[in-house]
Amino acid sequence: MWNVIDWQKVVFSDESRIVLGTDDNRERVWRRPGERYNSPHTVLRHTVRTAGVIFWGTIAYDRRSTLIKMHVTLTGQRYVDDILRPYLGPFLNGLPGAIFQQDNARPHRARVAQAFLRHFQTLPWPARSPDLYPVEHV
């Protein structure tokens with residue numbers, strides 16, 4: 001069982017999309033198990049992608065990384081070249097004993113990204129983990 005001292009070593013990372021408008025064309029709905037496709041719980045509508053900006057960053061117990069603006073769709077190679085090598089590597093090297101945590105987004109799972117991260121201690125984390133997305137329990 002981990003204690004506070006163990007968790008203080010973890011460097012958490014994630015991306016977030018900020019919408020450059022008043023509406024991101026998404027509705028958040030909480031449903032009970034089995035209600036997903038019931039007609040009272042569905043809405044038909046035309047969706048259009050809204051303008052937005054994606055940022056990446058990390059936080060640790062007593063510090064944070066530079067916030068990185070992503071200009072293009074993130075691939076495994078871009079993740080290494082634009083984020084991991086120039087920003088994350090130096091950040092983790094400045095924190096002795098740091099444990100890096102990221103979700104399992106496709107670019108994070110890419111072989112090139114995993115090859116880069118083999119030089120650092122990482123904490124496995126399931127994609128769409130309950131702390132990030134609501135999970136329907138059956």
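Mentor: Contact here means heavy atoms within 4.5 Å. This is a predicted model: local features need pLDDT of at least 70, side-chain atom pairs count only at pLDDT 80 or more, and totals for chains, interfaces and linings use all residues. Residues are numbered from 1 along each chain as its sequence is written, and side-chain values use heavy atoms, with hydrogens and water left out.

Trainee: Which residues does Val11 touch, not counting residues up to four places away in sequence?

Mentor: The list includes Thr58, Ile59, Ala60, Phe91, Leu92 and Leu95. Ala98, Ile99, Phe100 and Gln101 are also on it.

Trainee: What makes a nonpolar core, and which residues have the most contacts inside the largest?

Mentor: A core is a set of buried Ala, Val, Leu, Ile, Met, Phe, Trp, Tyr and Cys residues joined through side-chain atoms within 4.5 Å. The largest has 20 residues, and Val11, Tyr79 and Leu84 have the most contacts inside it. Strand S3 (68–70), helix H2 and helix H4 (111–117) each supply at least two of its residues. The largest share, seven residues, comes from H2. Helices (H or I, at least four residues) and strands (E, at least two) are DSSP runs, numbered from the N terminus.

Trainee: Why is the link between Arg85 and Asp81 called a salt bridge?

Mentor: The rule asks for a side-chain nitrogen of Lys or Arg within 4 Å of a carboxyl oxygen of Asp or Glu. Arg85 and Asp81 meet at 3.0 Å, N to O, so they qualify. They sit four residues apart in helix H2 (residues 76–93), about one helical turn.

Trainee: Are Arg85 and Asp81 buried, exposed or partly exposed?

Mentor: Buried means under 20% relative accessible area, exposed over 50%, partly exposed in between (1.4 Å probe, protein chains only). Arg85 has 48% and Asp81 has 35%. Both are therefore partly exposed.

Trainee: How many salt bridges does the structure hold?

Mentor: Two. Arg63 also forms one with Asp62, with the closest N and O atoms 3.4 Å apart. Arg63 is partly exposed at 38%. Asp62, at 55%, counts as exposed.

Trainee: What makes two rings an aromatic pair?

Mentor: Rings of Phe, Tyr and Trp (its six-membered ring) pair if their centres lie within 6.5 Å. Planes under 30 degrees apart count as stacked, over 60 as edge-to-face and the rest as tilted. By this rule there are three aromatic pairs. Trp2 and Trp7 have ring centres 4.7 Å apart and planes at 55°, so that pair is tilted. Trp2 is partly exposed at 36%, and Trp7 is partly exposed at 38%.

Trainee: Why is the pair of Phe116 and Phe120 called tilted?

Mentor: Their centres are 5.8 Å apart and their planes stand at 40°. Phe116 is buried at 15%, and Phe120 is buried at 18%.

Trainee: Which residues do ring pairs link into a cluster?

Mentor: Trp2, Trp7 and Phe12.
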